[in-house]
Amino acid sequence: METVAVIGAGPAGILAAGTASKQGRKVFLFERNSDIGKKLLITGNGRCNITNKCDIEDFIKNIVNNNNFMYSALYAFTNIDTINLLESFGVQIKTEKDNRCFPKTDKSIDIIKAFYKYLISNKVTIFKNTRVKDIILNKNDTFTIYLNNKKPMIFNKVILATGGKSYPQTGSTGDGYIFAHKFGHTIIEPKPALVPIKLKDAKAKKLQGLSLNNVKLTAYLNDKKIHEQIGEIIFTHFGISGPVTLSLSSYINRYPSDKIKLEIDFLPDYTFECLESIIKSLFIRYHQKNICNTLCELLPKSIINYLLDTLNIPLDKKTNSVTRNERHKIISNLKRFRLIYDGLRNIEHAIVTSGGISTKEINPSTMESKLIKGLFFAGEIIDVDALTGGFNIQIALSTGYLAGLNC
């Protein structure tokens, strides 16, 4: 019987191990932590957004990097397959806004328990608290794996599912990149994805804790638009966060920071012309008020004060004394306010890793290395990343399934 080593017991490693065992292989799953699925436990604020129930074509559109690479995997093991698998082991799944799927109990531990049952039922041998120190390719195309707490072991196949570099406290410290590079694989530099953005604006710190819904955030590379999105942003002590910010970060993380420009449209529902008409009407109605109080009809006072301060317009200036030029500046900045970009927060604060093993060197139909026979990859270690909403976990499960099926 052929033996398979699966390194890493996250969602990719779990599916790879269980699927490989179903194919009649003797499977050993190595996990450096004291239990499986440590990162799954903390995702979705402890609720675990396990997948997304959109159709596969829409799913592909939510993958930021190398989406074409994922077609075979996502059709081989779909989001519906994920739901059916979990429900077969006792976890009922509910679908929420934007097709996001969670356990009905809202407890990620229930997902972990189901995956544990899945591994046990498929007779996978699990070694916890066991770190792989090195992997050697032998002359007969087998692999010798050196461990921190056991004698070296020899395997016919190896599946690397060690994750990326985000959330290093869960064990994702980049070991898999070292092993893959040693075997000749190209590592696309790991970058933070789905991560907050830093701003180089001391005044913006006064907005800490403010949340704005229905605003549009746009990123430019020099003057070319990269991506824009409407939704919620949250101002923090270092810059901005929130769903829109996290999504945008995944589109700009591979560009030099000094080339990125950010703009925020505080009122995307209004055109310039419409907004000008509204503001003229406000100026007439509240002509004796301070300008900051007049504009509070449109946005929270802290934003208005921040905007006027940036434009060097006194907050206590009477509305009827605001010049035409100042009014145009206000309108222009409500629609296209420049945020001074200062890079992304580091990868320890990222939800996922962008980058990893080049997809050009992996067979997308099998997840096997094109360089080393018998070496497979699954999950976040591969240079594929997606937006929030359960997409990244499903990518891990689908690639894990293909690796396990074909090893």
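**Entry 1: His-227**

I started at His-227 and, setting aside neighbours within four places in sequence, found it in contact with Leu-217, Thr-218, Ala-219, Leu-248 and Tyr-251; contact here means heavy atoms within 4.5 Å. A reminder to myself: this is a predicted model, where local features need pLDDT of at least 70, side-chain atom pairs count only at pLDDT 80 or more, and totals for chains, interfaces and linings use all residues. Residues are numbered from 1 along each chain as its sequence is written, and side-chain values use heavy atoms, with hydrogens and water left out.

I placed His-227 in strand β15 (residues 224-235). Helices (H or I, at least four residues) and strands (E, at least two) are DSSP runs, numbered from the N terminus. Is His-227 buried or exposed? His-227 counts as buried because its relative accessibility is 18%; buried means under 20% relative accessible area, exposed over 50%, and partly exposed in between (1.4 Å probe, protein chains only).

I also looked for a side-chain partner, and the side chain of His-227 makes a polar contact with the side chain of Gln-229 at 3.2 Å. A polar contact is a pair of N or O atoms within 3.5 Å; within protein, one must be able to donate a hydrogen and the other to accept it, and residues adjacent in sequence count only if both atoms are side-chain atoms.

**Entry 2: the whole chain**

I stepped back for the overall numbers. The chain has 13 helices and 22 strands, and 54% of its 407 residues are buried. Along the principal axes, the C-alpha atoms fill a box of roughly 85 × 40 × 35 Å. Of the contacts with a separation of 6 or more, 70% come from residues 24 or more positions apart.

**Entry 3: two positive phi values**

Leu-194 has a phi of about 50° although it is not a glycine, and I found Leu-194 in the loop between β12 (187-193) and β13 (197-199). Leu-194 counts as buried, because its relative accessibility is 1%.

Asn-222 is another non-glycine with positive phi, about 55°. Asn-222 sits in the loop between β14 (211-221) and β15, the strand that holds His-227. With 41% relative accessibility, Asn-222 counts as partly exposed.

**Entry 4: α1 against α13**

Two packed helices are described by the angle between their axes and the distance between the axes. I took helix α1 (residues 11-22) and helix α13 (residues 391-406): their axes come within 7 Å and cross at roughly 30°. That makes α1 roughly parallel to α13. Axes are lines fitted to C-alpha atoms, for helices over the stretch in contact, and angles run from 0 to 180 degrees between N-to-C directions. Angles under 35 degrees count as roughly parallel, over 145 as roughly antiparallel, 65 to 115 as roughly perpendicular and the rest as oblique.

On the α1 side I listed Pro-11, Ala-12, Leu-15, Ala-16, Thr-19 and Ala-20, which meet Ile-393, Ala-396, Leu-397, Gly-400, Tyr-401, Gly-404 and Leu-405 in α13. By class, this contact has ten nonpolar, three polar and no charged residues. For the classes, Ala, Val, Leu, Ile, Met, Phe, Trp, Tyr, Cys and Pro count as nonpolar, Asp, Glu, Lys and Arg as charged, and the others, Gly among them, as polar.

**Entry 5: α9 against α12**

Next I checked helix α9 (residues 272-285) and helix α12 (residues 324-335), which pack at an angle of about 130° with their axes 10 Å apart. The two helices are therefore oblique to each other. The residues of α9 that meet α12 include Phe-272, Leu-275 and Glu-276, and among their partners in α12 are Arg-327, His-328 and Ile-330. By class, the contact of α9 with α12 has seven nonpolar, two polar and four charged residues.

**Entry 6: Thr-366**

Where does Thr-366 sit? I found Thr-366 in the loop between β20 (352-357) and β21 (375-377). Thr-366 counts as buried because its relative accessibility is 16%. A polar atom of its side chain lies 3.1 Å from the backbone nitrogen of Glu-368. Beyond neighbours within four places in sequence, Thr-366 is in contact with Phe-376, Leu-402, Ala-403 and Asn-406.

**Entry 7: Ala-114**

My last stop was Ala-114, in helix α6 (residues 108-121). Ala-114 counts as buried at 2% relative accessibility. Leaving aside neighbours within four places in sequence, Ala-114 is in contact with Leu-86, Phe-89 and Val-91.
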